[in-house]
Amino acid sequence: MWSSPEKVVAMLLRSLTRSSSNASTSLFFRLFPRSYFSRSSPATARSIRRLSDAGTGSELFLRRGLRLLPAAASGCLSGQFSRAVSTQTAPSYPGQDEAEKLGFEKAREEFISECKSKAVLFRHKKTGCEVMSVSNDDENKVFGVVFRTPPKDSTGIPHILEHSVLCGSRKYPLKEPFVELLKGSLYTFLNAFTYPDRTCYPVASTNTKDFYNLVDVYLDAVFFPKCVDDVHTFQQEGWHYELNHPSEDISYKGVVFNEMKGVYSQPDNILGRITQQAKNTYGVDSGGDPKDIPKLTFDKFKEFHCQYYHPSNARIWFYGDDDPVQRLKVLSEYLDMFDASPARDSSKVEPQKLFSGPRRIVEKYPAGGDGDLKKKHMVCLNWLLSEKPLDLQTQLALGFLDHLMLGTPASPLRKILLESGLGEALVNSGVEDELLQPQFSVGLKGVSDDKVQKVEELIMSTLRKLADEGFDTDAVEASMNTIEFSMRENNTGSSPRGLSLMLQSIGKWIYDMDPFEPLKYEEPLKTLKARIAEEGSKAVFSPLIEKFILNNPHCVTIEMQPDPEKASQEEVEEKNILQKVKASMTDEELAELARATEELRLKQETPDSPEALKCVPSLNLSDIPKKPTYVPTEVGDVNGVKVLRHDLFTNDILYTEVVFDMGALRHELLPLMGTQDMSFVQLNQLIGRKTGGITVYPFTSSVWGSDVPCSKIIVRGKSMVGRAEDLFNLMNCVLQEVRFTDKQRFKQFISQSRARMENRLRGSGQGIAAARMDAMLNAAGWMSEQMNGLSYIEFLHTLEQKVDQDWEGISSSLEEIRTSLLSKNGCIVNMTADGKSLTSTEKFVGKFLDSLPEKPSGGQVTWDARVPLRNEAIVIPTQVNYVGKAGNIYSSGYKLDGSSYVISKHIGNTWLWDRVRVSGGAYGGFCDFDSHSGVFSFLSYRDPNLLKTLDIYDGTGDFLRGLDVDEDTLTKAVIGTIGDVDSYQLPDAKGYSSLLRHLLNVTDEERQIRRAEILSTSLKDFKEFAEAVDSVRDKGVAVAVASQEDIDAANKERSDFFEVKKAL
């Protein structure tokens, strides 16, 4: 699965030394950790059935009112700062003799102070497999096995194999034991992903029994998969010809095939892939090009596994508070079954020599026909920085340089490019150092065809100026503080810290370099700071710009030109190929293909037997705590304002949120809320120097049992406790002192926002569809969609034209928003830190609150708007569809019960997984229940179908009525749901989730009631829920984001089923 470079994947896979604008390594995922796509933030990652958008991390909490995913992470991958305290006894470390008995030799041992861990590198004597065993008191245990898997072509073998090995194995001969783990595990991470040159299989859990269950399933899957003997798995996950009847047309189907069609529909993704493939070392696509995937044969697929999936070619990682001896015992059982293999030598990635001169590539991308296509070009300059891997000191310095140039809105290269008016937004920009050789890229999209050359000239002249003049001292200090704060905080959000460290270590280890080095940042950071203090920042950073960029001949310039015909031409080409295939087949061959298609479908839709399911290890209900996790919360008062205090160990960091009510905001001003963060340019350096960051964003949700939505503005910040006064002073500056007078800056922001939203529409259409359906069904959904949905995209188009015509009116409206929001009346302050720090901070809170107006400028406004209820199709240039259907089940009489969480999870993991994804060929199919609003929704992701998928949604009620689940299956469903509810959280996320529960009136008593209902879920509950789901079938609304061709076909088959809106 492929991932964009934004927050969630950045948190996992980009070191701290990379700016937020960087284009991440092309990467493919099987499944993301427990999280659901967000309706309120740009999509950042693709998963098989659940999609995670970093945003505020609040989505699952909003749906279930029980727990919260951690907030957007700071992107840190180094050092352990605040950790959960283990309840286990201290681990026993294997001595040399003990390791020898288990077949291992100890190669190296170190204590890593940055993550307070003892790390031991073992080597399996028989196979040469290397094992990194990291021990500490972190209860969130992590395991991973990584293979070097460089492909020779773009048929997608590594990616298809990554999907396929988890579809049954020697010990677990089910269709998909992976899915059974999804149903009944307490995992905190369960995934697999493919890089351009390696494939990773990580798992994590806080429950030791569960953790080793996951480890065993994964080890058996990678070393002894069924897929190498089962062509049906290859066809399902990779590709196959599908023919339902000899008289019909042949089509391509396959999960990876459709996934990559989605990837190749997004201009930013296409640019990123061309950038990567411009390097000879990575000149093919490990994920697979849809034009090449059908060239892959089953024999080549099997051969690839045999060649690379061997212990000799593996690096294995353990992390956490489990027993280090047990780790080796588990591994020895598998590794001892193998002899040494030459795979480690044959998989080596060879470095590319630098070009002797610059090169230029011009490509086309699929574009919509609306708007001025001459203004939709993209241009990006890319430098391969070195023929050899860089030392950590240089890599760290380049990371700081990257942040200085591009990391914030005030960074000079970023600021100059955006203020030039030559383009709409940065694209594919930043340092990329996850592969063997680092590269630096910078570019713009939304460029006029006659301005492409000017963009290139501006990039070069700006880099020249930065090399000659250096950087502002305050900017250097701000970057230094920002990155160092993140490294020491080590806030990885909802992802395990051990996984972040693993991926960082693997970045060197996979190339036979030191796996310890990336974990140790203290000395390189100390040295870099000392150099800057002694020599000045210019002496440190200017030579880097000169050497690696300005005087580097290896520069590849890529220009992307919009082509409104490209998408349709590719569809025609594919149809022509398939027509030729059919024409070449005899009647007997066509009949056999139709029979094979039905055989595959029957196998896909036939469930595993209860006996087979029992082989997958699982927990018992007795392993599950009967009470939810409680966050210590003290409700107090400071100067007449409610203050929530959470006494938690945060290692001297203060996390705080200040919440303001949106109840006095006029409806017509709501879309402008999306433009409020423009103030960060002015304050960026000060915020970077003194805090860990400040963000401002809207929060909307329905409230269970109330017709009035919760609508708030949340100002969120963090700093060292000693900087608390600075933090609140800067929050005050952001809220009250910034003036909305810079028309040019505002225009730039609007262009960037529009470009970001259009990219989201192409890449995460399911989020746009979900937001649209919500907007039709409840007021909170309407509010959210106005600020982050199709309505917002339409508003931005209008606003962009209006800025020059009525800037005074717009500026006045922005000021009105401020005065409508800021007041002590209805304000809430939330703080998370240890008790002593909370007490010492209250005086700064009081001063901050005293600066606020007593009341907002306007009176209370009633929020009760809706988008008209209708089936809607949103047209974009795409090769895949995003199909949704939703309805309010409370309106049909359903009464909230905790069993609904279990049932909706089971629907997603069985009915939708099997029908929408496995046999339907979509990349993902899932459902969700928002317990606050009563909206039950179905969604698909990168789906080749449209009406067929809607029919599957409509059959859900019958599926539930015909369901016959045994006790084991039911127990798994309950345990998996509890895993969602009890997901692991870092201290800041605990405090934040407690705040949201307070805002939504979710009491601890209610949480206990819902938990008891979850634990007592019965088959009867499933049958009764069928009626609620039927109401979605009968009264629900459908929204699809799809191609014009597929929408036209749907409206032809079902006369005017969709009302059509053209978005791009």
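Four elements, α9 (267–277), β16 (439–447), α25 (743–763) and α28 (790–805), each hand at least two residues to the lining of the second largest pocket. Helices (H or I, at least four residues) and strands (E, at least two) are DSSP runs, numbered from the N terminus. Before going further, know that this is a predicted model: local features need pLDDT of at least 70, side-chain atom pairs count only at pLDDT 80 or more, and totals for chains, interfaces and linings use all residues. Residues are numbered from 1 along each chain as its sequence is written, and side-chain values use heavy atoms, with hydrogens and water left out.

**Two pockets**

What counts as a pocket here? On a 1 Å grid over the protein atoms alone, a pocket is an open set of points where a 1.4 Å probe fits, with protein on both sides within 12 Å along at least five of seven lines; lining residues have an atom within 4 Å of a point. A volume is the space filled by probe spheres set on the points, which are joined across faces, edges and corners.

Back to the second largest pocket: its volume is about 1,200 Å³. It has 43 lining residues, and K375, K376, E424, R754 and E800 lie nearest its centre. Helix α25 gives the most to this lining, with eleven residues.

The largest pocket holds about 1,500 Å³ of space. Its lining has 49 residues, with E571, K575, P944, E1045 and D1046 the closest to its centre. Here α20 supplies the largest share, nine residues. Elements giving at least two residues each include α8 (255–263), α20 (566–583) and α38 (1044–1053).

Axes are lines fitted to C-alpha atoms, for helices over the stretch in contact, and angles run from 0 to 180 degrees between N-to-C directions. The contact (heavy atoms within 4.5 Å) joins M757, R760, L761 and G763 of α25 to G765, G767 and I768 of α26. By class, that is three nonpolar, three polar and one charged.

How do the axes of helix α13 (residues 392–406) and helix α14 (residues 412–419) cross? They cross at roughly 30° and come within 4 Å, so α13 and α14 are roughly parallel to each other. In this pair, L404, M405 and L406 of α13 meet P412, L413 and R414 of α14. The residues of this contact are five nonpolar, no polar and one charged.

**How confident is the model?**

pLDDT is the predictor's confidence in each residue, from 0 to 100. The chain's mean pLDDT is 88, and 90% of its residues reach 70 or more. Over residues 1–26, though, pLDDT stays under 50, and over residues 28–90 it is below 50.

Notes. Parallel < 35°, antiparallel > 145°, perpendicular 65-115°, else oblique. Nonpolar A, V, L, I, M, F, W, Y, C, P; charged D, E, K, R; others polar.
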